[in-house]
Amino acid sequence: MRSNFVFQEIWVGLRRNLTMTVALIVVVAISLSLLGTGLLFVKQVDSTRTYWQSKVQISVYLCTATSPNPACRGAVTQAEQQQIYQTLTAMPQVEDVSYVSLSAAYAQFKHDFADDPSYVSTVTVGDVPPSFEVKLRDPAADYNIVASAVTGAPGVDSVIDEETILAKFYRLLDGARNAVVVVALILIVAAILLVANTIRLSAFNRRRETGIMRLVGASNFYIQLPFLLEGVIAGLFGWALAACLLIGVKSLLLNNLQQYFSYNVGLSVTDLVEVIVLAMGVGVLLCGVTSFVTLRRYLRV
């Protein structure tokens with residue numbers, strides 16, 4: 001097989017259908033980048049959920065002198081604090097209990113709102129309540145049992161289920177991920193149709209050449225190979241653009257989410273490489289298979 005003839009036919013096909021080829025590359029790039037963004041969101045949500053599930057699930061906030069809760073009658077006493085601690089540690093559903101003092105709670109508050117010094121200046125040490133941070137053995141099954149044991153107890157201001165708060169955040173990320181994936185699938189369908197039209201036009205424009213090749217005994221594979229490679233090359237160009245877009249998504253969007261969280265739950269370079277490689281496979285298969293199916297129908301000489 002003469003490789004220079006194959007490459008020449010590929011160049012002729014791409015040049016004759018330049019507008020369609022450029023449109024195909026753009027559509028493939030956008031669809032693969034959106035699909036990859038959805039996969040990156042999946043990895044981000046999974047890593048965040050895994051991190052937080054190993055952390056605190058319940059915060060038991062204690063009364064302070066300024067607590068607005070009518071059940072609080074001044075700051076929690078040492079005896080009340082000790083009783084709450086004993087109640088929590090005695091429960092089999094509780095894995096670990098740690099105490100956060102007034103000064104430690106205020107220090108954490110200043111760290112979390114360091115970008116808003118005017119707001120921090122309005123809060124004093126006594127305004128941020130101390131708490132017991134409770135880690136459960138089974139958050140889904142044990143929360144109600146543990147919460148009911150300390151809710152309303154002397155010295156307890158409120159009980160916060162951090163898993164419920166994070167679940168709302170997870171649903172938000174899941175919704176964004178699903179929307180991105182749905183749009184990506186729609187664009188992949190559009191890319192399939194565009195690949196089919198591009199290959200069909202290329203086959204039609206070169207029907208005379210393919211007819212002559214068939215008459216002189218060229219095999220079906222030899223005739224179809226330039227068309228197949230046209231689709232694959234367009235898919236690879238689209239994937240290259242999508243890879244650049246995915247790098248931008250991770251660098252400019254997902255990495256910037258870390259400024260809102262003081263914990264290392266970001267995506268690694270390995271996660272990005274895995275998604276880019278998967279996108280390449282999808283792009284090559286999409287263009288290659290579509291080209292092959294189209295040729296079987298329209299390249300009958």
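Visitor: Is the link of Cys-63 and Cys-72 left-handed or right-handed, and what is the angle about the S-S bond?

Guide: Keep in mind that this is a predicted model. The angle about the S-S bond is -70 degrees, and the link of Cys-63 and Cys-72 is left-handed. The two sulfur atoms lie 2.0 Å apart.

Visitor: How many disulfides does the structure hold?

Guide: One. Cys-63 and Cys-72 form it.

Visitor: Is Cys-63 buried or exposed?

Guide: Buried means under 20% relative accessible area. Cys-63 has 3%, so it counts as buried. Cys-72 has 11%, so it is buried as well.

Visitor: And Cys-244: buried or exposed?

Guide: Exposed means over 50%. Cys-244 has 54% relative accessibility, so it counts as exposed. Cys-287 is at 0% and therefore buried.

Visitor: Now the packing. Which residues have the most contacts inside the largest nonpolar core?

Guide: First the general idea. In soluble globular proteins, nonpolar side chains tend to be buried together. Here the largest nonpolar core has 18 residues, and Ile-58, Val-60, Ile-84, Leu-88 and Val-134 have the most contacts inside it. At least two core residues come from each of β1, α3, β2, β3, α6 and β4. Helix α6 gives the most, with four residues.

Visitor: What does Leu-88 touch, leaving out residues up to four places away in sequence?

Guide: Val-60, Val-94, Val-97, Phe-132, Val-134, Val-146 and Val-150.

Visitor: Which residues does the second core include?

Guide: Among them are Leu-32, Val-195, Ala-242 and Cys-287. This separate core has 16 residues.

Terms used
Residues numbered from 1 in each chain as written. Predicted model: local features only at pLDDT ≥ 70, side-chain atom pairs only at ≥ 80, totals over all residues. Heavy atoms only, no water. Core = buried A, V, L, I, M, F, W, Y, C linked by side-chain atoms within 4.5 Å. Buried < 20%, exposed > 50% of the residue type's maximum accessible area, 1.4 Å probe, protein only. Contact = heavy atoms within 4.5 Å. Disulfide = S-S within 2.5 Å.
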